[in-house]
Amino acid sequence: MPELPEVEVVRRGLERWISGRRIREVEVLHPRAVRRHLAGGEDFAAALAGHRVGVPHRRGKYLWIPLTDGLSVLAHLGMSGQLLVQPGDAPDERHLRVRIRFEDAVSPSDTELRFVDQRTFGGLSLHPSVPLDPDGLPDVIAHIARDPLDPAFDDEAFHQALRRRRTTVKRALLDQSLVSGVGNIYADEALWRSRLHYERPTATLTRPRTSELLGHVREVMRAALDVGGTSFDSLYVNVNGESGYFDRALDAYGREGEPCARCGTAIRRNPWMNRSSHYCPRCQRPPRLT
DNA sequence: CTTCGATCCTGGTAGC
DNA sequence: TGCTACCAGGATCGAA
């Protein structure tokens, strides 16, 4: 599942392969992939044609590609989305949803951009920027908080927000209006590293504990970025987050029944919010019920 | 205002 | 073999 590191790898790949190119033609093959573009698929395709694309930006799990007139193409990968740079004559993927061809593609094997998404939770859309925003942040994601790797992320404000909230620490990590880019995988990993149970009330976290947690979030994301970021300089921008390379480095997520790397106790998986939480029952003690 | 559960989607797999 | 049930889960929406 693409979380911040996977999306950042995609962003870098796009910067390398499509920045500066002019769009010739857009093909929308599945309406659901552009459902957040309220004017519809035909409008989306027509609006993009002729634009030159700028340098892709990212906030949390969203990335956007600025066009020339204050508009940006916003992309979210959802659970299974991929942005692929493929030769134009490569066979269509089974779940190809949108194809973007460029003016500079003269031979059939020259590259195009493809949005592929099996479960169609992701999508593309076109939006104006927040006025005066230096990065051209699309207005529809103005409510998304900065992510922990953003130099402007405010650790102290985050801590204060946690203290005010009446919620639990994992819910807070997944709340994209508090901190963005963290999904189920990196939440479980950061909590394991911090020896925090997922149901710990955020109001009980001390400032040092919050700092430690943020530090572990950053560590695990940077580790994933280091591994995933090494492969993008090939022809394909091929990142869907499954990334068979990083999962060997995970300590909690997907490790049910395997020994905790710290204490050897079997990792547990509990149902949680229609998904799962993975944790070490010994290192990550549940909070006392009040 | 905050909190929280239901919902969208499809392919893979477990179980009968 | 063929069917059903369940699972993965980010973001949004509406209820409380």
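How many of the six residues of strand E8 are buried? Select residues 123-128 and count: five of the six are buried, leaving E8 mostly covered. Here, buried means under 20% relative accessible area, exposed means over 50%, and partly exposed is in between, using a 1.4 Å probe and protein chains only. Strands (E, at least two residues) and helices (H or I, at least four) are DSSP runs, numbered from the N terminus.

Some ground rules before we move on. This is a predicted model, where local features need pLDDT of at least 70 and side-chain atom pairs count only at pLDDT 80 or more, while totals for chains, interfaces and linings use all residues. Residues are numbered from 1 along each chain as its sequence is written, chains are lettered from A and ligands numbered from 1 in the order in which they are written, and side-chain values use heavy atoms, with hydrogens and water left out.

**Next: E8's partner.** Strands count as paired if DSSP finds at least two bridges between them. Pick leucine 74, and you'll find its bridge partner, serine 125, in E8.

**Next: the largest pocket.** Select Met1, Lys61, Met79, Asn184 and Arg275, which lie nearest its centre among 23 lining residues. A pocket is an open set of points on a 1 Å grid over the protein atoms alone, where a 1.4 Å probe fits, with protein on both sides within 12 Å along at least five of seven lines; lining residues have an atom within 4 Å of a point. The space here is about 560 Å³, a volume being what is filled by probe spheres set on the points, which are joined across faces, edges and corners. Strand E10 (275-279) gives the most to the lining, with three residues. Now colour domain 1 (4-141) and domain 2 (155-233 + 244-279): both give residues to the lining, so the pocket lies between them. Those domain bounds come from an automatic or database domain assignment.

**Last stop: a loop.** Which way does phi go at asparagine 274, positive or negative? Phi is positive, about 65°, although asparagine 274 is not a glycine. Most residues other than glycine have a negative phi. Select methionine 273 too: its phi is also positive, near 50°. Methionine 273 and asparagine 274 both lie in the loop between E9 and E10. Asparagine 274 counts as exposed because its relative accessibility is 85%, while methionine 273, at 38%, counts as partly exposed.
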